Structure formats: structure tokens, C-alpha cells
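The sequence and the structure are shown first, and the points follow by topic.

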Amino acid sequence: CTVLALESSCDDTAAAVLRRTAGGATEILSSVVRGQAELHAGFGGVVPEIAARAHAETLDHCVEQALEASGLGLDDIDAIAVTAGPGLIGGVVSGVMCAKGLAAATGKPLYGINHLAGHALTPGLTDAVPYPWLMLLVSGGHCQFLLVRGPEDFTRLGGTIDDAPGEAFDKIARLLGLPQPGGPAVEAAAKDGDPARFAFPRPLLDRAGCDMSFSGLKTAVLRTRDALIADQGGLTEQDRCDLCAGFQAAVADVFAEKTRRAMDNYPKVADQTPVICVAGGVAANITIRRALETVSQEFGARFIAPPLALCTDNAAMIGYAALEQMAISGPSGMSLPARPRWPLDQTSPAMLGSGK
Ligand code: ATP
Ligand code: FE
């Protein structure tokens, strides 16, 4: 089965072609991602109207490029997959309309895929792991622990009650005058910093369960910054590095401890090694990866962090989710709606079609 997948739910326009062989292996034949960073630069975030227009203008070209790079034509495609939510509604609508056009033109079935399901299923694309696995999804817009038992079987164990960690990294960078996106800039500065100089809080560790909070941590960094400026009249390079290192260490500690709590809910499967995964843009962070690797070792679990290109928004994960879900559910049909909100526990395309 060969699937053409589209993704346009945030600020990346993406298309990919994937093939599942008779033996069940999945190959990524092509994966094209076009970012919009330069369009939103200067606005301090993604501007929904600009994003929607850029998606509408770029999708066709991404599809062409993905087909060309795969060496296949539209006639060779067996199914069309598209992110049908959650996300910025303009972008999701652009993707769904483009996919409907392709499905109508080719007569091939259309699968509406949940963007978060795409992220949550990614470890299956890169590693031959059996379900279940624990997924920590951490990106610019999301932060949650998911127990993934199957292609449409997700249990949300907890998540942030305020900011997403990527957002927090971006805000910290802004506070310190570092460039955007903040994650890589904060990580680079933290390399030369002392994580112990400032005692930043580890929010919600005193509370049971795996909910997290990053807003108070962000405020603590802001207060410390302001106190330094008041004392010294400004920040030294070393202050910046130490603030970044302290913040990053706090985030890594919270993830590690909450992962331990999440593992309390992990179903034991006889003769199967538990699997802990991380995905989303924040998963690029080496300190965070190391912290999660250490926790995985404590549980005798295998640790999987997909390559960065598959951790951030891409269409290959959407194609993979479609290939996985096809075995369970039928196509969505041409009445597929674009959903700005779409809880992961309602991922079945059949449910989408029925308008639930
Ligand atoms: P979505 O939540 O819909 O996936 P998104 O496009 O914001 O939205 P990603 O592209 O997955 O999410 O991730 C981007 C986020 O990841 C940014 O907030 C960025 O700062 C953060 N990030 C990227 N690299 C790092 C890093 N090395 N350390 C920490 N955070 C990082
Ligand atoms: Fe995403």
C-alpha cells in the first residue's frame, strides 16, 4: 500500500509518500517539509491568517515535490492521508481541502489523521517496537504523557496545566535576548552555564500523577533575571548561560520524575521490554534526552527518540498513522471535517465521518 500524506496544522507545510511492503515494513519514499519561520518572524509567534495563506499556496508544490522525490506518480498512490486536526483551523482546512481534491481526482480513499496520533505513533515508524509504549510528547504547542496501546488506542496520563515546554523555552530566550526558536538557543547557552547557580522550582513534583506546569518556572527565571539586572545594571554572558542551564535542568528534572510516575500506569506484558519514547521539537534537547534515558534504564525500558526530522512536524508521521489505522478503520470519506480541537481518545476516522 502506498500513501500520500499532507500536514499543515501549524507552521510547517509538509507532504510525504510512504510505502508498506507485503512483509509489513514501512518505507519513507519521500518527505518534504517547508517551514514558515521567515513569514512569522517579527510577529512574536505564528500568525494564523499568514499561516493559512502560506499553506494554501505551498501545499500543491509540496505534493509535487514529494511525488517527484518518491519516483511515483499520482496513479501509483493507493490512499491519501491528511492531518484533520487539531491545529490552527485555517491550515487544517487548507490541508483537508487539498487532500479532498486529490482523493476526488484519483478516486482513492481519504484518511483524516489526528496530528497528535501522528506524533504518538512515530516510534513505530523508526523502530520495530510492539505496542504498548509510553510517549512523552513535548513541542511548542503540546506537552502530554500518552500510553499508546494501539494505532487508535491512546490514554492521556497527564500533561501541562499551563504552558507547553517549547513555548517556555521560546519565552526564556525572549527574556534573555536570545534568538528564536528559543529551544536551540537556550540549549546552546546552557552548555556554558552552571545549572546549580540558581535554584529554580520543579513545579508540581509534590502533586501525585503526571501533570506538569511550566508557567511558574518561567516566572522564576524572569524574577531572577530582573534581580540580577537591578543589582548589576545588566546581565553578563555568564548570567545568561547560568539562567538557561538552570531552567533546562529544572525542565529535565520535571520530565524525568513525571516519567517515573507515568510508568506506574504502564501495563506489564509478559516477555516484552517496556518502551519509553519522546517526540516533539523539545525532544531535540540533549539534556532532556539524557534525563529520560536514565529513567528508562531504571525501568529496564528501551528508550526511543526518533530522529529530529520525524520529531518535529512532518507528513511522514501522518502517512504512517494512516497505514496503521487503515488496518482497523475504514476511510473518512469526503465529509471529513477539519477540527481545530480533536482529543486523542477520539481518533477513529469512522468517528470523524459520523460527526461525533
Ligand atoms: P506542535 O505542538 O503543533 O507540534 P510546534 O510546531 O510548535 O507545534 P515543534 O515543531 O514540534 O512544535 O517544536 C518546536 C518547539 O520545540 C519550539 O518551541 C522550540 O523552541 C522547541 N525546541 C526545538 N529545539 C529545542 C531544543 N534543542 N531544546 C528545547 N526545545 C527545543
Ligand atoms: Fe506537532
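In this predicted model, helix H2 passes helix H3 in a right-handed crossing.

**Overall fold**
- The protein chain contains 12 helices and 10 strands.
- Its radius of gyration is 21 Å, close to the 21 Å that the globule rule gives for 356 residues, so the chain is as compact as a globular protein of that length.
- The C-alpha trace spans about 70 × 50 × 35 Å along its principal axes.

**Contact of H2 with H3**
- Helix H2 covers residues 48–70 and helix H3 covers residues 89–106; their axes lie 8 Å apart, at an angle of about 20 degrees.
- Because angles under 35 degrees count as roughly parallel, H2 and H3 are roughly parallel to each other.
- On the H2 side, the contact is made by Pro48, Glu49, Ala51, Ala52, His55, Ala56, Leu59 and Asp60. These residues meet Gly90, Gly91, Ser94, Gly95 and Cys98 of H3.
- By class, the residues of this contact comprise 6 nonpolar, 5 polar and 2 charged.

**Contact of H6 with H8**
- Helix H8 spans residues 237–263 and packs against H6 at an angle of about 110 degrees, with the two axes 7 Å apart.
- Since angles of 65 to 115 degrees count as roughly perpendicular, H6 and H8 are roughly perpendicular to each other.
- From H6, the residues Val186, Glu187, Ala189 and Ala190 take part. Their partners in H8 are Arg240, Cys241, Cys244, Ala245, Phe247 and Gln248.
- The residues of this contact divide into 7 nonpolar, 1 polar and 2 charged.

Conventions
Residues numbered from 1 in each chain as written. Chains lettered and ligands numbered in written order. Predicted model: local features only at pLDDT ≥ 70, side-chain atom pairs only at ≥ 80, totals over all residues. Axes fitted to C-alpha atoms, helices over the stretch in contact; angles between N-to-C directions. Helix = DSSP H or I, 4+ residues; strand = E, 2+ residues; numbered from the N terminus. Parallel < 35°, antiparallel > 145°, perpendicular 65-115°, else oblique. Left-handed = near helix turned anticlockwise from the far one by under 90°. Contact = placed C-beta atoms within 7 Å. Nonpolar A, V, L, I, M, F, W, Y, C, P; charged D, E, K, R; others polar. Rg over C-alpha atoms; globule rule 2.2 N^0.38 Å.
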